Amino acid sequence: MSKNVIWAVEGSIKEGQGTALNTVMHDMIEVTSKEVGSLNYEWTLAEDGSTIHIYERYADEAAAKAHLTTWGKNAARFIAAVDISRVVIYSSVSEELKASFAGAVMMTPIGGFAK
């Protein structure tokens with residue numbers, strides 16, 4: 001199995017916060033694109049513009065933890081614009097990393113491959 005750490009964030013954009021979300025999204029993408037070990041960081045928007053999903057994949061747990069520092073610097077701005085409804089982690093991670101995601105759905109890999 002892959003050492004990659006993968007998660008997805010789902011949320012609803014708060015009324016009147018589209019512009020604020022767009023600003024924080026661009027800032028977060030710029031910073032995250034420079035992180036060592038950041039492999040995917042993809043933001044998607046529902047057709048009606050009300051729901052956002054973010055797919056994130058990191059080379060390993062160290063890279064994922066490093067990203068959480070970036071997240072911490074932008075979390076208040078993101079949360080001001082989005083009500084997070086669900087976070088799903090698709091990787092086996094340490095208890096320390098799990099603790100960073102209180103309330104997340106933890107999915108344990110049981111088969112497949114990564115290229």
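This report walks through a helix, some salt bridges and a surface patch in a predicted model.

## Before we start

Residues are numbered from 1 along each chain as its sequence is written. Because the model is predicted, local features need pLDDT of at least 70, side-chain atom pairs count only at pLDDT 80 or more, and totals for chains, interfaces and linings use all residues, while side-chain values use heavy atoms, leaving out hydrogens and water.

Helices and strands are DSSP runs numbered from the N terminus (helices: H or I, at least four residues; strands: E, at least two).

## A helix with a bend

Let's begin with helix α2, which covers residues 61-81 and bends by about 60° at Asn 74. The bend is the angle between two fitted axes, one for the seven residues ending at a residue and one for the seven starting there.

At the start of α2, look for Asp 60: one of its side-chain oxygens comes within 3.3 Å of the backbone nitrogen of Ala 62.

## What α2 hides

Which residues of α2 are buried? Among them are Ala 63, His 67, Leu 68, Asn 74 and Phe 78. Here buried means under 20% relative accessible area, exposed means over 50%, and partly exposed is in between (1.4 Å probe, protein chains only).

## Salt bridges along and around the helix

The whole structure holds 7 salt bridges. A salt bridge is a side-chain nitrogen of Lys or Arg within 4 Å of a carboxyl oxygen of Asp or Glu. One of them joins Glu 61 and Lys 65, at 3.6 Å from N to O. These two are about one helical turn apart, because they sit 4 residues from each other in α2. An α-helix has 3.6 residues a turn, so residues three or four places apart point the same way.

Is Glu 61 buried or exposed? With 18% relative accessibility, Glu 61 counts as buried, whereas Lys 65 is partly exposed at 31%. Both belong to a network of salt bridges that also takes in Glu 96.

## Salt bridges across the chain

Arg 86 and Glu 10 form another salt bridge, their closest N and O atoms being 4.0 Å apart. This pair links distant parts of the chain, with Arg 86 in strand β4 and Glu 10 in strand β1, 76 residues apart. Arg 86 is partly exposed at 40% relative accessibility, and Glu 10 is partly exposed at 22%.

Asp 83 pairs with Lys 14, with 3.6 Å between the closest N and O atoms.

## A surface patch and a lysine

Tyr 90, found in the loop between β4 and α3, is partly exposed at 38% relative accessibility. Together with Val 105 and Met 107, Tyr 90 forms a nonpolar surface patch with about 250 Å² of accessible area. Patches join residues with over 30% relative accessible area and no salt bridge: like charges within 9 Å, or nonpolar side chains (Val, Leu, Ile, Met, Phe, Trp, Tyr) within 5 Å. Accessible areas come from the Shrake-Rupley method with a 1.4 Å probe, and for residues only the protein chains shown count as cover.

Finally, find Lys 98 in helix α3. Not counting residues up to four places away in sequence, Lys 98 touches Val 93 and Met 106, where contact means heavy atoms within 4.5 Å.

Key:
A polar contact is a pair of N or O atoms within 3.5 Å; within protein, one must be able to donate a hydrogen and the other to accept it, and residues adjacent in sequence count only if both atoms are side-chain atoms.
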